[in-house]
Amino acid sequence: MEIHVYDTYVKAKDGHIMHFDVFTSVKDEKKAIEYAKEWLASIGEEDAVVTSRECRFCHSQGAPEEVIETINKDGYFIYKMEGCN
């Protein structure tokens, strides 16, 4: 499966920057933003601003099986990088 990677930077409630990627099976910026907001709400950051400025298409690539399984189940996978606990 080819996945599409959306590079995302948002400001958390306490002011620090959270950097994560949204992986999706469909190249759709609006869906990627929706998934980012859904995940942020699940970790208590529902007020974080996520627009096309914060969540941008980066590239497409293959994915490991566990990522594909999560995308098939949830529609997306969040790859946490900086500032994500």
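Residues are described as buried under 20% relative accessible area, as exposed over 50% and as partly exposed in between, with a 1.4 Å probe and protein chains only. The model is predicted, so that local features require pLDDT of at least 70 and side-chain atom pairs count only at pLDDT 80 or more, whereas totals for chains, interfaces and linings use all residues. Residues are numbered from 1 along each chain as its sequence is written, and side-chain values rest on heavy atoms, with hydrogens and water left out. Helices (H or I, at least four residues) and strands (E, at least two) are DSSP runs numbered from the N terminus.

The structure holds 5 aromatic pairs, where rings of Phe, Tyr and Trp (its six-membered ring) pair if their centres lie within 6.5 Å, and planes under 30 degrees apart count as stacked, over 60 as edge-to-face and the rest as tilted. Among them is the edge-to-face pair of Tyr6 and Phe57, with 5.5 Å centre to centre and 70 degrees between the planes. This pair links distant parts of the chain, given that Tyr6 lies in strand 1 and Phe57 in strand 3, 51 residues apart. Tyr6 is buried because its relative accessible area is 1%, whereas Phe57, at 34% relative accessibility, counts as partly exposed. The ring of Phe57 also has the charged end of Lys27 over it, 4.2 Å from the ring centre; for this, NZ of Lys or CZ of Arg must be within 6 Å of the ring centre and within 35 degrees of the ring normal.

Tyr35 and Tyr76 form a stacked pair, with 4.7 Å centre to centre and 25 degrees between the planes, and this pair joins helix 1, which holds Tyr35, to strand 4, which holds Tyr76, across 41 residues. Tyr35 is buried, with a relative accessible area of 13%, and Tyr76 is likewise buried, with a value of 10%.

A nonpolar core is taken as a set of buried Ala, Val, Leu, Ile, Met, Phe, Trp, Tyr and Cys residues joined through side-chain atoms within 4.5 Å. The largest such core has 18 residues, and those with the most contacts inside it are Val10, Met18, Phe20, Val22, Trp39, Leu40 and Val50. Strand 1 (2-11), strand 2 (17-24), helix 1 (29-42) and strand 4 (76-80) each give two or more residues to this core, and helix 1 provides the largest share, 6 residues. Leu40 is in contact (heavy atoms within 4.5 Å) with Val10, Met18, Phe20, Glu45, Glu46, Ala48 and Val50, when residues up to four places away in sequence are not counted. A second, separate core of 5 residues includes Ile3, Val5, Phe23 and Val67.

The structure holds 3 salt bridges, each defined by a side-chain nitrogen of Lys or Arg within 4 Å of a carboxyl oxygen of Asp or Glu. Glu46 forms one with Lys13, the closest N and O atoms being 3.7 Å apart; the pair links the loop between helix 1 and strand 3, where Glu46 lies, with the loop between strand 1 and strand 2, where Lys13 lies, 33 residues apart. At 45% relative accessibility Glu46 is partly exposed, while Lys13, at 57%, is exposed. Lys31 and Glu34 meet in a salt bridge at 3.2 Å, N to O, and both lie in helix 1, 3 residues apart, about one turn of the helix.
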